[in-house]
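Reader: I have a protein model open and would like to learn how to read its features. Could you walk me through it?

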Amino acid sequence: MDAHNYTVKVAWNRDRRGMMWSPDFESHGGNGNRIEVATPPEFPGGVAGVWSPEHLLTGAVASCFMTTFLAIAEKSKLEFISFSCHAEGTLDTVDGKLQITEVLLVPSICLDSADDRDKAVRVLEKTERACPITHSLKATVNVKMVVETP
């Protein structure tokens, strides 16, 4: 696969807040799907209830896991009722510097049939090995799989 570029812009708005958008989306209508971003509330001047870089990084890992899962599940012909993924990013100090040290993913799949349980686990394991955002991080990404049937 050839290299791809993804463009994101941020602009300060006020206080510890700014707007983030991508000009890549502007040709598809709208304003580039702008979202407000801010310093998380755990920091001085932080803002509660607004996406922070830490939330976005954790969300990038979770959404990459989901989209990778969907591609592998489709190719593997895995039928499922639902997929969701809980994600928690841990910000900690390492060698005097703040960094995301771990992202815990808890993907949960509900299957049409209990007969597909082993296949679902294999698809999740392949997903864990294939997720490009996970490969891009220094942080450890741990996955705790949940596979259910109705």
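Author: Gladly! Accessible areas come from the Shrake-Rupley method with a 1.4 Å probe. Keep in mind that this is a predicted model. The protein exposes about 9,800 Å², and 52% of that area is supplied by carbon and sulfur atoms.

Reader: What share of the residues in the protein is buried?

Author: Buried means under 20% relative accessible area. Of the 150 residues here, 29% fall in that class. As for overall dimensions, the C-alpha atoms fill a box of roughly 55 × 40 × 35 Å along the principal axes.

Reader: Which elements does the protein have, and how do they run from the N terminus?

Author: There are three helices and seven strands. Their order from the N terminus is β-β-β-α-β-β-α-α-β-β. Among contacts with a separation of 6 or more, 51% join residues 24 or more positions apart.

Reader: At what angle do the axes of helix 1 and helix 2 cross?

Author: Helix 1 spans residues 53-76 and helix 2 spans residues 117-130. Their axes come within 9 Å and cross at roughly 130°, so helix 1 is oblique to helix 2. The crossing is right-handed.

Reader: Which residues of helix 1 meet helix 2?

Author: On the helix 1 side they are F65, T68, F69, I72, A73 and S76. Their partners in helix 2 are K119, V123, L124, K126, T127, E128 and A130. Sorted by class, this contact has seven nonpolar, three polar and three charged residues.

Notes: Residues numbered from 1 in each chain as written. Predicted model: local features only at pLDDT ≥ 70, side-chain atom pairs only at ≥ 80, totals over all residues. Heavy atoms only, no water. Axes fitted to C-alpha atoms, helices over the stretch in contact; angles between N-to-C directions. Helix = DSSP H or I, 4+ residues; strand = E, 2+ residues; numbered from the N terminus. Parallel < 35°, antiparallel > 145°, perpendicular 65-115°, else oblique. Left-handed = near helix turned anticlockwise from the far one by under 90°. Contact = heavy atoms within 4.5 Å. Nonpolar A, V, L, I, M, F, W, Y, C, P; charged D, E, K, R; others polar. Buried < 20%, exposed > 50% of the residue type's maximum accessible area, 1.4 Å probe, protein only.
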